[in-house]
Amino acid sequence: MSEFVKKRIVVKVGTSSLTHKSGKTNIARMEKLVQVLADLHNMGHEVILVSSGAVGVGAGKLGLKGKPASTMELQAAAAIGQGELMFLYDKFFSEYGVIVSQLLFTTEELEDDDSRLHLLDTFNQLLKYESIPIVNENDSVSVDELLNGDNDCLSATVASLVNADLLVMLTDTDGLYDSNPNENENAKLIEVVEKITPEIKSFAHGSGSRGTGGFSTKIKAAEIANNAKIPVVIMNGEKPSRIYKVLEGKSVGTKFLPCE
């Protein structure tokens, strides 16, 4: 029997994995994700969750028919949705005896040396307390991720900050394809990316994700993490239990290998 190796794992879940196409919260999907992360936590791994979904949950709670159009409406929906999102996470995680914590910050704070050190101290202490930090950009203050990134690059920056062993990004496709699988039945899943080349980046426009940043920001995030020598796996969030296979070294989704 192989010896257990404790890992520090950052898991990023996108809005498309937390909501139905109707825009309403996908409760069953969220509950499955929490079950897996709580189990990994109980196994002894250190888990950090970077979660989008505040706008989607907020819009759903407000009864809006679609995603808000203006920046002010997006920020307001995020403010409403963030509280509801944390309520759901706290409720689900508490069923497994796991304490969660919330960290909201902006890109500007990550770029400031003093703020980064304070933030790292907070992460380390929360993990020492055996809490699962749940991270999101403070969308009511900063709009960069709100409009462009869907937290993809934020998750990679967090992984780099805490010196994670692995970044897992959950999305609504099985991984990176060489063309859009929704339009081409012969589209090929790229299982391993040894180096992010211009060709790999060109595939991003045809991978079919409905997330805010699409696949372009996911590849950018993978590049950030890989440069920090952190492997990245992008996989379908429909079955979070496949994260176990990732930790066993099995092929799931698309794996981006860290730079030498």
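This is a predicted model: local features need pLDDT of at least 70, side-chain atom pairs count only at pLDDT 80 or more; totals for chains, interfaces and linings use all residues.

Student: Is His41 buried or exposed?
Tutor: First find His41 in helix 2, which spans residues 27-43. Its relative accessibility is 15%. Buried means under 20%, so His41 counts as buried.

Student: On to charge. Which residues gather in a patch of negative charge on the surface?
Tutor: Here we're looking for Asp and Glu, as these count as negative. The patch is made up of Glu108, Glu109, Glu111, Asp112, Asp113 and Asp114.

Student: And which element gives the largest share of the negative patch?
Tutor: Two elements give two or more residues to it: helix 5 (107-111) and helix 6 (113-128). The largest share is three residues, and it comes from helix 5.

Student: Is Asp113 buried or exposed?
Tutor: Asp113 sits in helix 6 and belongs to the negative patch. Exposed means over 50% relative accessible area. With 58%, Asp113 is therefore exposed.

Student: Where is Lys239?
Tutor: Lys239 is part of a surface patch of positive charge, together with Lys32, Arg242 and Lys245. At 44% relative accessible area, Lys239 is partly exposed. Its place is in the loop between strand 7 (232-236) and helix 11 (243-247).

Methods
Residues are numbered from 1 along each chain as its sequence is written. Side-chain values use heavy atoms; hydrogens and water are left out. Helices (H or I, at least four residues) and strands (E, at least two) are DSSP runs, numbered from the N terminus. Buried means under 20% relative accessible area, exposed over 50%, partly exposed in between (1.4 Å probe, protein chains only). Patches are made of residues with over 30% relative accessible area and no salt bridge: like charges are joined within 9 Å, nonpolar side chains (Val, Leu, Ile, Met, Phe, Trp, Tyr) within 5 Å. Accessible areas come from the Shrake-Rupley method with a 1.4 Å probe; for residues, only the protein chains shown count as cover. A salt bridge is a side-chain nitrogen of Lys or Arg within 4 Å of a carboxyl oxygen of Asp or Glu. The place of a charge is taken as NZ of Lys, CZ of Arg, CG of Asp or CD of Glu.
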